[in-house]
Amino acid sequence: MKRSIQKGFTLIELMIVIAIIGILAAIAIPQYQDYTKRAKMSEVVGAASPCKLGIAEYASANNNTLPTTMALAGCQTQVSTYVASVGMSATGVILVTSTVVGATGIVSVKPIVGGTTVGAVDFLCGLPTDGTTVLPQFLPSSCR
């Protein structure tokens, strides 16, 4: 008598595959959530761009001195989906308030006059000493 051969997966093989998928999902989902927060934080840092240009122009026209108010720098408060406000400290540091869920707080963008090039203004962002309260893991790579 001919014996029929069954084809298919055993219950143990299926359970191993489901366990592997679960482990991969447990690793991938938090990484994806951090990635989406960093992408949204790029918009927050980008909100400082008009102020950065205004500060650079002011410093160029005023013998490398930094503006002390937003009006002198030609900045305006811009509000968007992920930005609550844009402000400036008396030392010229741009302060952008983030409303990104899980990464709320302030991101600072500090101007440095005459850093790498004479007469140029460089900017450092994300320094806790300048007022950044957002965790470094959520800042875009340009701010780390």
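Tutor: Two strands count as paired if DSSP finds at least two bridges between them, and helices (H or I, at least four residues) and strands (E, at least two) are DSSP runs, numbered from the N terminus. This is a predicted model, in which local features need pLDDT of at least 70 and side-chain atom pairs count only at pLDDT 80 or more, while totals for chains, interfaces and linings use all residues. Residues are numbered from 1 along each chain as its sequence is written, and side-chain values use heavy atoms, with hydrogens and water left out.

Student: OK, how many bridges join β1 to β2?

Tutor: Five, and the two strands run antiparallel; Ser 85 stands opposite Thr 97 in β2.

Student: And what order do the strands take in the sheet?

Tutor: The open sheet has four strands in the order β1-β2-β3-β4, with antiparallel pairing. Its edge strands, β1 and β4, each pair on one side only.

Student: Switching topic: is Ser 98 buried or exposed?

Tutor: Ser 98, which lies in strand β2, counts as buried because its relative accessibility is 4%, where buried means under 20% relative accessible area, exposed over 50% and partly exposed in between (1.4 Å probe, protein chains only).

Student: What does Ser 98 touch?

Tutor: Taking contact as heavy atoms within 4.5 Å, and not counting residues up to four places away in sequence, Ser 98 touches Met 41, Val 44, Tyr 82, Ala 103, Thr 104 and Gly 105.

Student: Which residues of α1 are buried?

Tutor: They are Met 41, Val 44 and Val 45, and what covers them includes α2 (49–61) as well as β1, β2, β3 and β4.
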